[in-house]
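Please look over the sequence and the structure shown here before reading on. The briefing is meant to be read with both in view.

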Amino acid sequence: MQTFMAYEAPSASKNRAYGPVLVPQGPSKFALIAPPIFLIWHRLWWELVAYCAFVFLVILPLATSQPIILLGLNIIPPLYLFLEGNALREAALERRGFCAIGHVVADSAAEAEEILAHQSVFSSSSNERPTSEPIKTPQSAGFGLFGLEA
């Protein structure tokens with residue numbers, strides 16, 4: 001069983017042609033195998049810029065001088081995307097205005113879509129939709145890691 005996070009498009013109330021976007025929780029094997037293709041496929045443009053900058057500014061200059069260090073640095077971006085690729089997808093969807101509507105536990109994405117359809121999450125009678133507003137934290141007088149007084 002796998003857990004999927006379901007997101008609803010911002011225009012879902014107007015146009016029901018678009019179904020929910022399901023993002024699997026956990027590591028992404030596709031991001032480990034082909035990081036740039038993963039980023040392009042999921043339209044993670046800012047993350048792709050950061051990936052390319054890391055490759056061109058850090059890895060390529062070391063390609064001729066430090067082969068041992070290069071091996072270690074070559075593993076960092078794909079490993080990061082393997083572990084956090086789906087979280088980056090969720091953040092990108094929220095930046096685009098998608099709304100998280102809940103978790104679905106299913107064997108596959110197709111089964112998760114069926115579960116969402118049977119739950120009638122997208123019924124027009126439900127006007128209360130969850131929002132993805134940031135959590136408000138109380139303001140404190142301290143600063144730094146330990147909340148020391150100014």
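The points below cover a pocket, an aromatic pair and the cysteines.

This is a predicted model, and the values given for it are computed from its atoms.

**The largest pocket**
- The largest pocket holds about 300 Å³ of space, and among the 13 residues that line it, those closest to its centre are Val 21, Arg 43, Leu 93, Arg 96 and Phe 98.
- Helix α4, which spans residues 67–95, contributes three residues to the lining of the largest pocket, and this is the largest share.

**The aromatic pair**
- The model has one aromatic pair by the rule applied here, and it is formed by Phe 30 and Phe 38, whose ring centres lie 6.1 Å apart.
- The planes of these two rings, Phe 30 and Phe 38, stand at 70°, so the pair counts as edge-to-face, given that planes over 60 degrees apart fall into that class.
- Phe 30 is partly exposed, with a relative accessible area of 36%, whereas Phe 38 is buried, at 1% relative accessibility.

**The cysteines**
- The count of disulfides in the model is zero, where a disulfide would need a pair of cysteine sulfur atoms within 2.5 Å.
- Cys 52 is partly exposed at 29% relative accessibility, while Cys 99, at 14% relative accessibility, is buried, because buried means under 20% relative accessible area.

How values were computed
Residues are numbered from 1 along each chain as its sequence is written. This is a predicted model: local features need pLDDT of at least 70, side-chain atom pairs count only at pLDDT 80 or more; totals for chains, interfaces and linings use all residues. Side-chain values use heavy atoms; hydrogens and water are left out. Rings of Phe, Tyr and Trp (its six-membered ring) pair if their centres lie within 6.5 Å; planes under 30 degrees apart count as stacked, over 60 as edge-to-face and the rest as tilted. Buried means under 20% relative accessible area, exposed over 50%, partly exposed in between (1.4 Å probe, protein chains only). On a 1 Å grid over the protein atoms alone, a cavity is a set of points where a 1.4 Å probe fits but cannot get out, and a pocket is an open set with protein on both sides within 12 Å along at least five of seven lines; lining residues have an atom within 4 Å of a point. Grid points are joined across faces, edges and corners, and a volume is the space filled by probe spheres set on the points. Helices (H or I, at least four residues) and strands (E, at least two) are DSSP runs, numbered from the N terminus.
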